[in-house]
Amino acid sequence: MFSKQTYINRRVSLKKAVGSGILLFLGNEESGMNYEDNTYDFRQDSTFLYYFGLPYAGLTAIIDIDEDKEIIFGDELSIDHIVWMGTQPTLKEKSEKIGVSQTMPSADIRVYLKKALDKGQTVHYLPPYRAEHKLKFSEWLDLKVPQQQGSVPFIRAVVNQRIYKSAEEIVEIEKACNITADMHMTAMRCAQIGMKEYEVVAALEYVATAAGGWLSFPTIATINGQTLHNHSHSNTIKEGDMLLIDAGAETSMGYAGDMSSTIPAGKKFSSRQKEIYDIQVASHQAAVQALRPGIPFKEVYELSAQVICEGLKSLGIMKGDPAEAVYAGAHAMFFPCGLGHMMGLDVHDMENLGEVWVGYDGEPKSTQFGRKSLRLGRKLEPGFVLTIEPGVYFIPELIDLWRSEKKFTDFINYDKLETYKDFGGIRNEEDYLITDTGSHLLGKKIPLTTDEVEALR
């Protein structure tokens, strides 16, 4: 946890931003995997962590701005809990650590909220993303699930605080990024022809656990890199394959790292692999060089996409004007995802609050295929932490579909593209802090260029 004053200051700023009403914070509950007592690893709600810092299940909190009250609702451990889980600080002791002096039993939250509503107070809440949250809103606020959209003033106030990372948060994120880099370099060193993907996963996930943390998201480690989020680890790595790894660590305080790397199955890239890999690296480096305060991230995305189109044109896979190809959306054949996303307490930071607020500051997103997957488009500001992860993918199903539709024939050479249907996909990813003058790489530098990767291999 951070200092008590950090959490007090965050709540003071939030109260000023919203102005009136009750702010309702739902902590997470334990969740059973296959029966009630066999639970998934517990992870507290990130906004609850940000303002209250308590990583315990079964807590709810309110900030009653009108009455100037802050209350943690929860229940003390029974002797049965203590027998199985050991002793813990009391609820009051936990709450005092983050500057909240008033606690109440869990059951009292419903009564408190009903009285507030009867008085005409506004109860602000954030969009629910777990089933138990939705059930609680239905019971406590008499809101049916389709009505549970969240309070826009509350959402915007939270986003406008959490989006700017403080110096102490950067220390935690840097810690997560350093562990993440070690995970990737471990995988790069150990992956060999004949290994199963899950053997590589076991080696890299050990690094996160041994560092006292865990994973910020389920690991992707696949020879089928053309599938953007491939969580199967059952394949055998063969000669001529490339292994795409997307993995990140989470610190004990909940801060995330997120990096990707792509390596050849053998010691060196083939000439064809190197040609495509170098295009991806050129796109990545162009995006990084463009990072600075004031630039809309969607412009960085378009720059990275244009570099990909230029490179593919040099190989005869694309044709025509690269800028026009990007404007039309032809680049999405090879780059159907976004360039990056915010990162912090969530690996996709605050995604549960809505991309339109987090990534676009309330402006509408594009609906164009490819662009609609861009999670971040707004102007960059100092204090933002984000990922850079352009990719080049050859997706057979997409190739067949667009070819049958005669789509973008002015920009795509389908005869040449047909010979790449077995290629797979490439992605490399790094994490950056936007500074007053540009950007700063977070965490250790992992190999990026073909020379760097082959040197480590």
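This is a predicted model: local features need pLDDT of at least 70, side-chain atom pairs count only at pLDDT 80 or more; totals for chains, interfaces and linings use all residues.
Since Glu139 belongs to helix 6 (residues 131-141) and Arg110 to helix 5 (residues 108-118), the pair ties together parts that lie 29 residues apart in sequence. Arg110 is likewise partly exposed, its relative accessible area being 44%. In general, side chains of opposite charge can pair when their charged atoms come close.

In one of them, the side chains of Asp241 and Lys238 meet at 3.2 Å, N to O. Asp241 counts as buried at 14% relative accessibility, whereas Lys238 is partly exposed at 44%. In the other, Glu430 and Lys445 form a salt bridge with an N to O distance of 2.9 Å. This pair links distant parts of the chain, 15 residues apart: Glu430 sits in strand 16 (residues 430-434), and Lys445 in the loop between strand 17 (439-441) and helix 16 (450-456). Glu430 is buried, with 4% relative accessibility, while Lys445 is partly exposed at 45%. Elsewhere, salt bridges that share partners join Asp400, Arg403, Asp415, Glu418 and Lys421 into one network.

Attention now turns to the domains. The domain assignment divides the chain into domain 1 (4-162) and domain 2 (167-456), to whose contact they give 17 and 18 residues, respectively. The centres of the two domains, taken over C-alpha atoms, are 35 Å apart. Together the domains bury about 1500 Å² between them, with 52% of this area on carbon and sulfur atoms. Arg156, Val159 and Arg162 supply 35% of the area that domain 1 buries against domain 2, more than any other three residues.

Between domain 1 and domain 2 there are five salt bridges and nine residue pairs in polar contact. On the side of domain 1 that touches domain 2, helix 1 (4-18), helix 2 (46-52) and helix 7 (152-162) each give two or more residues. Helix 7 gives the most, with six residues. By class, this side of domain 1 has 10 nonpolar, two polar and five charged residues.

Two arginines can be followed in detail. The side chain of Arg156 meets that of Asp361 in a salt bridge of 2.9 Å, N to O. Arg162, found in helix 7, is buried, with a relative accessible area of 2%. Among the residues that Arg162 touches are Ser46, Thr47, Tyr50, Asp346 and Asp349.

Note on methods
Residues are numbered from 1 along each chain as its sequence is written. Side-chain values use heavy atoms; hydrogens and water are left out. Domain bounds come from an automatic or database domain assignment. Contact means heavy atoms within 4.5 Å. Buried area is the accessible area (1.4 Å probe) that two parts lose on being put together, summed over both. A salt bridge is a side-chain nitrogen of Lys or Arg within 4 Å of a carboxyl oxygen of Asp or Glu. A polar contact is a pair of N or O atoms within 3.5 Å; within protein, one must be able to donate a hydrogen and the other to accept it, and residues adjacent in sequence count only if both atoms are side-chain atoms. Helices (H or I, at least four residues) and strands (E, at least two) are DSSP runs, numbered from the N terminus. Ala, Val, Leu, Ile, Met, Phe, Trp, Tyr, Cys and Pro count as nonpolar, Asp, Glu, Lys and Arg as charged, and the others, Gly among them, as polar. Buried means under 20% relative accessible area, exposed over 50%, partly exposed in between (1.4 Å probe, protein chains only). Lists of a residue's contacts leave out its neighbours within four places in sequence.
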